[in-house]
Amino acid sequence: MKNRLQHVLCALDAMERTARMQSPLHRTDARAKLLVTVVFLVTMLSVPPYRLPELLLFFVFPIFTCAMGGLRYGPIFRRSLVVLPFVAFIGVFNLFYDREPVFRVGALVVTAGWISFLSIILRGLLSVQALLVLIGSTGYYRLCRSLQQLGVPAVFTTQLLFVYRYLFVLIEEAAAMQQARDARSFGRKSYPLKVWGTLVGQLLIRTFDRAERISRAMLARGFTGRIPEGMSERPAWKMRDTLFLAAWCSALVLLRLCRPAENFSMLINNF
């Protein structure tokens, strides 16, 4: 378990180091990237559920943005698979309630439930991949700060940042408790449920206590409830940010208006 916690901390640290890379995507203003991601989500999620070819076209966005940011699409895709069980659980019921035949491939009948099930999975993967690219090229701190600059209430952006920082507190305390437990267990691997309940309760109390100390330290240093902005970090919107925003918004709208599903349906019917 300790190795798993250390792996999570290393993954979070790697994500922050990735956000400090130098690339055209990293140099783009965080607000432009955030607005483009919102447009991507709106246009992608507005595709009707039975038009799979149109959804497949939207994979262009995470693939091209990964290329712009010097990120590898393979790790992004693998990380997005974490959400697969959740979206599959949401869409699996469509297989039983939507049994209307759509087309036939030989002796195999494909129902509308299967198409909507695959549509939900693709939407989940695309949404997570877009967010991973955004965070990987921006960083969580800059992302929350850009939300604040776009007019999102400070109470919301600050809570988002605190949730992220609380992950580090929670994992570090869990790792310390795991190390103390291993030192007193004499090689024992399994524990009864009662012991696990005590450990979870102690972990909650320890993290709350540490979070309270962090909060007092922040207040003592003049924290006012808003994400601070350093003098050297003040954003400067440039022409390349405008071009990035306009180009991607236009491309996403064109992808949404594209109708390859009609040609796909004709091909399936002929087959």
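**Exercise 1. Find the handedness of the crossing of H5 and H9, then describe how the two helices pack.**

Solution. 
Step 1. In this predicted model, H5 and H9 cross in a left-handed way.
Step 2. Locate the helices. H5 covers residues 60-69 and H9 covers residues 112-138.
Step 3. Take the geometry. The helices pack at an angle of about 20°, and their axes are 9 Å apart.
Step 4. Classify the angle. Angles under 35 degrees count as roughly parallel. H5 and H9 are therefore roughly parallel to each other.

**Exercise 2. List the residues through which H5 and H9 meet, and sort them by class.**

Solution. 
Step 1. H5 contributes Phe61, Pro62, Thr65 and Cys66.
Step 2. From H9 come Leu126, Gln129, Ala130 and Val133.
Step 3. Sort the contact of H5 with H9. There are 6 nonpolar residues, 2 polar residues and no charged ones.

**Exercise 3. Work out how the rings of Phe61 and Trp248 are arranged, and which parts the pair links.**

Solution. 
Step 1. Start with the whole structure. A search finds 7 aromatic pairs.
Step 2. Take the rings of Phe61 and Trp248. Their centres are 5.0 Å apart and their planes stand at 85°.
Step 3. Apply the cut-off. Planes over 60 degrees apart count as edge-to-face, so the pair of Phe61 and Trp248 is edge-to-face.
Step 4. Phe61 is in helix H5, and Trp248 is in helix H13 (residues 239-257). The pair therefore ties together parts that are 187 residues apart in sequence.
Step 5. Check the surroundings. Phe61 and Trp248 are both buried.
Step 6. Widen the view. Phe61 and Trp248 form one aromatic cluster with Phe40 and Phe58.

**Exercise 4. Describe the aromatic pair of Tyr164 and Phe168, and decide whether each residue is buried or exposed.**

Solution. 
Step 1. The rings of Tyr164 and Phe168 lie 5.4 Å centre to centre, with 85° between the planes. This pair is edge-to-face.
Step 2. Both Tyr164 and Phe168 lie in helix H11 (residues 154-185). They are 4 residues apart, about one turn of the helix.
Step 3. Use the cut-off. Buried means under 20% relative accessible area.
Step 4. Tyr164 has 6% relative accessibility, so Tyr164 counts as buried. Phe168 has a relative accessible area of 15%, so Phe168 is buried.

**Exercise 5. Find how many residues of H10 are buried, and name them.**

Solution. 
Step 1. H10 runs over residues 140-149.
Step 2. Of its 10 residues, 7 are buried, and the helix is mostly covered.
Step 3. The buried residues in H10 are Tyr140, Leu143, Cys144, Arg145, Ser146, Leu147 and Gln148.
Step 4. Look past the helix. Gly151 follows H10, and its phi is positive, near 105°.

Definitions and conventions
Residues numbered from 1 in each chain as written. Predicted model: local features only at pLDDT ≥ 70, side-chain atom pairs only at ≥ 80, totals over all residues. Heavy atoms only, no water. Axes fitted to C-alpha atoms, helices over the stretch in contact; angles between N-to-C directions. Parallel < 35°, antiparallel > 145°, perpendicular 65-115°, else oblique. Left-handed = near helix turned anticlockwise from the far one by under 90°. Contact = heavy atoms within 4.5 Å. Nonpolar A, V, L, I, M, F, W, Y, C, P; charged D, E, K, R; others polar. Phe/Tyr/Trp six-rings, centres within 6.5 Å; stacked < 30°, edge-to-face > 60°. Buried < 20%, exposed > 50% of the residue type's maximum accessible area, 1.4 Å probe, protein only.
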